[in-house]
There are 2 protein chains.
Amino acid sequence: MKEKLKIGLLGLGTVGSGVPTILAEHREKISQVTGMDIVVSKALVRDEKEKQYQSERFDIELTTDIEDIINDEEISIIVELIGKIEPAKTYITKALESGKHIVTANKDLLAQHGGELVALAQRNHCDLYYEASVAGGIPILRTIANSLAADDIQKVLGIVNGTTNYMLTKMVSEKQTYEEALAKAQELGFAESDPTNDVDGIDAAYKMVILSQFAFGMNIDLKQVDIRGIRGISSDDVAIASQLGYEIKLIGSSEKNDGGIAVEVAPMLVAAAHPLASIRDEFNAVFIYSAGVGESMYYGPGAGAKPTATSVVSDIITIAKNIRLGTTGHMFNEYQHDTKLTANDAIFGKYYFSIEMPDKPGQILKLTKLMAEANVSFDQLLQQKSDGMRAKFATITHTISKAQMLEVTKQIEKIADFELLNTLKVLEG
Amino acid sequence: MKEKLKIGLLGLGTVGSGVPTILAEHREKISQVTGMDIVVSKALVRDEKEKQYQSERFDIELTTDIEDIINDEEISIIVELIGKIEPAKTYITKALESGKHIVTANKDLLAQHGGELVALAQRNHCDLYYEASVAGGIPILRTIANSLAADDIQKVLGIVNGTTNYMLTKMVSEKQTYEEALAKAQELGFAESDPTNDVDGIDAAYKMVILSQFAFGMNIDLKQVDIRGIRGISSDDVAIASQLGYEIKLIGSSEKNDGGIAVEVAPMLVAAAHPLASIRDEFNAVFIYSAGVGESMYYGPGAGAKPTATSVVSDIITIAKNIRLGTTGHMFNEYQHDTKLTANDAIFGKYYFSIEMPDKPGQILKLTKLMAEANVSFDQLLQQKSDGMRAKFATITHTISKAQMLEVTKQIEKIADFELLNTLKVLEG
């Protein structure tokens, strides 16, 4: 008989229930790869009565007291699937202090307290893995930590929020309005009743903080991320982008310039030829540009109970192998670098400006003069049919700095009668 | 000062020279991650005079005698980049017998003698890594071995030959003929002067043998792979496919059914909505369908000196970590399963038939009768304008078995006056 490895599970919801399911379904393969028989022995639940089915099916002892799990000496790994900051943080802290290895899918926690928890795991010689915290079904953290260890990553661009990508896909392919697309996403269970974290880009920002730590070894504070969601995106923007040959996507971007990095989440115009433009519906993808490999992209489901639980079990397998080999206590990502941010005048890109102005002579002259003064030139221009009173004007600039973009934005906003509808970054193919 | 880890390099061509380059360029990061200072100390070359530049630049001792490297006790890892079967196989065998760890990018060797070499590495407690042998810039083997260890893979579909994908892209986007596309690929250095291995699907078959071993734990013999290249593909096929909403791609497919697998390399019609349809030019991609994660895809450069050398160095880093932790001697892929092949009546798919027939009454009746007798029904039909004498007819069937496809093919070929131009499998989106 193989050695038993016992898991304590915090949270037995849809993802949580997936963990014992996968361990049971792929028992033979997992036991062959790890040399161990891995089972969930205890689970922390809010109400023991509600989870009787899972308890009986998988022979899991239920408890409402975290101490029952932390003090169980037979349990080696604790899997945290409660989410949010508290009580998850307290539980993980106590577990690490008791020498338990941790697997978690908690992006909020890792993005905001990752450094602290990683250090605590190190001090206690424990493993702390969290592959499922970013793009559930895509093993992107492990890929960066292992396979790109020999490479110099220059740019990470991600569609890392499934809800907003689903909404934007519907706005493009079915010409739905923002409100219709949101209602549909909520109906399908992608978006929560309070969609703030998704549509305002906060969820994507958490993931970009974690991705930046892996790609560049730098610990970025959430406050250092320039975050903008998709609330301001109208069907008009989507249509104009399409006319110019682009698709609007909510992109998380982390880019190295001059030794520093800039991390941003914003809706961007993605050229049809860019691999990210083809990512539809609730799927996620992470596109990496590195010195050695060049372009690579990793695509898969961003969330969902099964993909997330599968990712959690792959972390459990990693820890099981480490236990067998006696090599626990090493960091998930061993690349560490001093954190340095890039200044706005060293961040470059093409930008899209959409402006409403009075439909009378001399308006475009005002705009072009202002652009010329900021040393900004046009790559594409589009003037739409006007209603006789107001004209809509869209332009894509040549490559400029973020500082120039901010300056032009400020100047346009100063012109009475002009309304700046949107400023968006452009990703070419 | 950190411990030095010395590498012996077999072959110092473009990929070979990339290895010391990457080790030097990313020295700080690599040393942080491995805790070692990794250098190439010796290289096996055909002519010492030709490689003086690399020798001086990276302080590498050149030799034309393999024994100089194998008998060097300071060398822990040997990197084989000679390619083909011999003398690479003899060198690797001797090296493993002398306790050296191996990194190789040699797909021919791994596909044909992988089992034997893996067993030899095991017996000698040595590491044997070969990530660069499949899709150079895509860490697909490591992803399957580690991240999908918790999953049940059902299907692996790959665009794993850059030359043919480049050619087919040109045939679609620039309406080039097969001959023009091949000439262009040769001009750019993608295709060798003898392009047999690429255009006849053999290179892709090697990679599918290796991918099948990782995905399903089964050792497939090259003879068990149904291999067909792109030589028979005409501009006409490409144009008809496009009219029906598909793109022709050379696809390596390894699929599990009924506990057995079927491995095939063939040009297939890929629906425009399928993620593989968007893979252009010389890029590679591997699409996986698994029970837990669902759809995932890994995209990147398939070859090239820098991506391949980067992949080789990621294997070196893995072994360096294993050496540091004292955990060498484990298999790259620990998943092993008895090999079982699926019978043709348990392999299912939609198929495209393109047929030339006399342009006179009753011809389509013959065809539809024959299809009905084999219990095959049509999903799409397309009859092209005829020259008055011969008509061209293309059809896509509903899902049928491979056995049915072969039966229909045989029956069509029996009809005098009919010419079966092509039979291709169809991948829906």
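In the predicted model, Lys107(A) touches Ser133(A), Asp203(A), Tyr206(A), Lys207(A) and Ile210(A), leaving aside residues up to four places away in sequence. Lys107(A) belongs to helix H6 of chain A, which spans residues 107–123. Its relative accessible area is 22%. Lys107(A) is therefore partly exposed, because the buried class requires a value under 20%. An unreviewed UniProt entry carries the annotation "binding site" at Lys107(A).

A helix pair in chain A was also examined. Two packed helices are described by the angle between their axes and the distance between the axes. Helix H14 (residues 363–373) of chain A packs with helix H15 (residues 402–414) of chain A at an angle of about 150 degrees. Their axes lie 10 Å apart. H14(A) and H15(A) are therefore roughly antiparallel, since angles over 145 degrees fall in that class. The crossing of the two helices is right-handed. On the H14(A) side, the contact is made by Leu367(A), Leu370(A) and Met371(A). H15(A) contributes Val408(A), Gln411(A) and Ile412(A).

The relation between the chains was then considered. Two copies of a chain are related by a rotation about an axis and a shift along it.

Definitions and conventions:
Residues are numbered from 1 along each chain as its sequence is written. Chains are lettered from A and ligands numbered from 1 in the order in which they are written. This is a predicted model: local features need pLDDT of at least 70, side-chain atom pairs count only at pLDDT 80 or more; totals for chains, interfaces and linings use all residues. Side-chain values use heavy atoms; hydrogens and water are left out. UniProt positions are given in the numbering used here, feature names are shortened, and annotations may be inferred rather than shown by experiment. Helices (H or I, at least four residues) and strands (E, at least two) are DSSP runs, numbered from the N terminus. Buried means under 20% relative accessible area, exposed over 50%, partly exposed in between (1.4 Å probe, protein chains only). Contact means heavy atoms within 4.5 Å. Axes are lines fitted to C-alpha atoms, for helices over the stretch in contact, and angles run from 0 to 180 degrees between N-to-C directions. Angles under 35 degrees count as roughly parallel, over 145 as roughly antiparallel, 65 to 115 as roughly perpendicular and the rest as oblique. A crossing is left-handed if the near helix is turned anticlockwise from the far one by less than a right angle, and right-handed if clockwise.
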